[in-house]
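Please look over the sequence and the model shown here before reading on. The report that follows takes up helices and then strands.

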Amino acid sequence: MLTFLALASVVLLGIVPEQSQAIVIYTGWERHALLGSDIRLSCSFFSWRWTSEDVTFSWTYRPDGSRDSISIFHYTGGVAYVDNKGPFRDRLEFVGNPGRRDGSILLKNLEFSDNGTFTCDAKNPPDIVGRPSSVRLLVFEKVPIQAGVITGAIIGVVLGLLVLIVVIYYLMRFLVARRVFSLSVSKHGKKKKEGSQQRQGPAPPADPSKVKAAASEKKKQESRKDKK
Amino acid sequence: MLLILLGVLILHLIILILLFVSTAASAWSVGGVRSTDLWYNCMTTSEGYHCKPASSDDWIQAVQALMILSLLFCFFSLIAFVFQLFKLVKGGRFFFTAIFQILASVFVMCGAIIYTVMSPEDQTITHFGYAYVLAWVAFPLCLISGLIYIVLRKKE
């Protein structure tokens, strides 16, 4: 299926005129970052042509609320030119790999004034027709907590504790009953049976279900005694 | 005996309904055309009724969690009451029912207190809404109901 698609696209490329060969540029949609941190804005492109030596990348920046954009980065002829006069002087670094169609830049030490839209435009001669892609940068003082995270956490913890307490309670009851039962079976002497009965006697009947269990245990032991 | 049982059950159902309305309705703070918390922040304009999700601050999420937990615990205590009604030994106390009901009342109290202390100071919000009042009404009723369950014994 994939090979069929590839063949069909190659055939179409030969037949169809050049305006369908457009370069497609990919950046993120929105990026969130903390004040003072660094962020990597990625930009890559897709082109039907091989990556040429004259490939160019350029980044422009438009602050929030402004209508003008300013050019902050340009890569051409194998050399990267970073902003040395504008708002990002000494804070911009080229971390991309043009040979691999990656034109990403690194913004260091973010400020609140860096909120805005960054547009990446890449050209791969002769494939130069394409639409630039924009990524929006949002700088936060602290990362906002998503709605419902704390709610779910509190509910989950309390319900989990409840389930844990109920399980432990029934487990303890089960173990205590089992321990009493196995003790009277393993040691055959009357003394041991009286000892286990004495242990059951002074137990406070605070819980009616515990009283029930103790009563049924007593009945079982009495019936066993009678049988003997 | 049957009358007491019926009365206690009706009180429990009333508390459950109060908690449910208080948790579900988004009317903890109101003011003129706005009505906000716990879930939605709504405004009535000339065009209609616009709602956006309430702010996701830590304390609002805590109040949401506490109200939902109190509702769940009140519901569990109702189930425990019905269960213990049929399975309890003669002369026994409604232990589990009382525990869950008292926990539910504690959760409502905590939620209402947190909301009272941290509620936002906004010019358009003038006073507390009916859902907030219902939460404060449900708290003492729930506590009284829990205490009744502690005192109540299964007779006959």
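## Buried residues of helix 3, chain B

In this predicted model, the buried residues of helix 3 of chain B are B:Thr97, B:Ala98, B:Phe100, B:Gln101, B:Ala104, B:Ser105, B:Phe107, B:Val108, B:Gly111, B:Ala112 and B:Tyr115. In general, an α-helix has 3.6 residues a turn, so residues three or four places apart point the same way.

The helix itself covers residues 95–118, which makes 24 residues, and from its first C-alpha to its last it reaches 35 Å, close to the 34 Å expected at 1.5 Å a residue.

## Packing of helices 2 and 3, chain B

Helix 2 of chain B, which comprises residues 58–87, packs with helix 3 of chain B at an angle of about 165 degrees, and the two axes lie 8 Å apart. Because angles over 145 degrees count as roughly antiparallel, helix 2 and helix 3 of chain B are described as roughly antiparallel to each other. By class, the contact between helix 2 and helix 3 of chain B has 20 nonpolar and six polar residues, and no charged residues. The crossing in which helix 2 of chain B passes helix 3 of chain B is left-handed.

Strand 1 of chain A, residues 23–27, has a covered face made up of A:Ile23, A:Ile25 and A:Thr27, whereas A:Val24 and A:Tyr26 are on the uncovered one. This can be read against the general rule that in a regular strand the side chains alternate between the two faces of the sheet.

Strand 1 of chain A runs parallel to strand 11 of chain A (residues 130–131), to which two bridges join it, and A:Val24 stands opposite A:Arg131 in strand 11 of chain A. With strand 4 of chain A (residues 43–46), by contrast, strand 1 of chain A runs antiparallel and is joined by four bridges; here the bridge partner of A:Tyr26 is A:Ser44 in strand 4 of chain A.

## The open sheet 3-9-8 of chain A

An open sheet of three strands in chain A has the order 3-9-8, with antiparallel pairing. Strand 3 (39–41) and strand 8 (92–94) of chain A stand at the edges and have a single partner strand each, so one side of each is left without a neighbour in the sheet. On average, neighbouring strands of this sheet are turned by 25 degrees against each other, direction ignored.

Between strand 3 of chain A and strand 9 of chain A (residues 105–107), which run antiparallel, there are three bridges, and A:Leu41 has A:Ile105 in strand 9 of chain A as its bridge partner.

Note on methods
Residues numbered from 1 in each chain as written. Chains lettered and ligands numbered in written order. Predicted model: local features only at pLDDT ≥ 70, side-chain atom pairs only at ≥ 80, totals over all residues. Heavy atoms only, no water. Expected span 1.5 Å × (residues − 1). Buried < 20%, exposed > 50% of the residue type's maximum accessible area, 1.4 Å probe, protein only. Pairing = 2+ DSSP bridges. Axes fitted to C-alpha atoms, helices over the stretch in contact; angles between N-to-C directions. Parallel < 35°, antiparallel > 145°, perpendicular 65-115°, else oblique. Left-handed = near helix turned anticlockwise from the far one by under 90°. Nonpolar A, V, L, I, M, F, W, Y, C, P; charged D, E, K, R; others polar.
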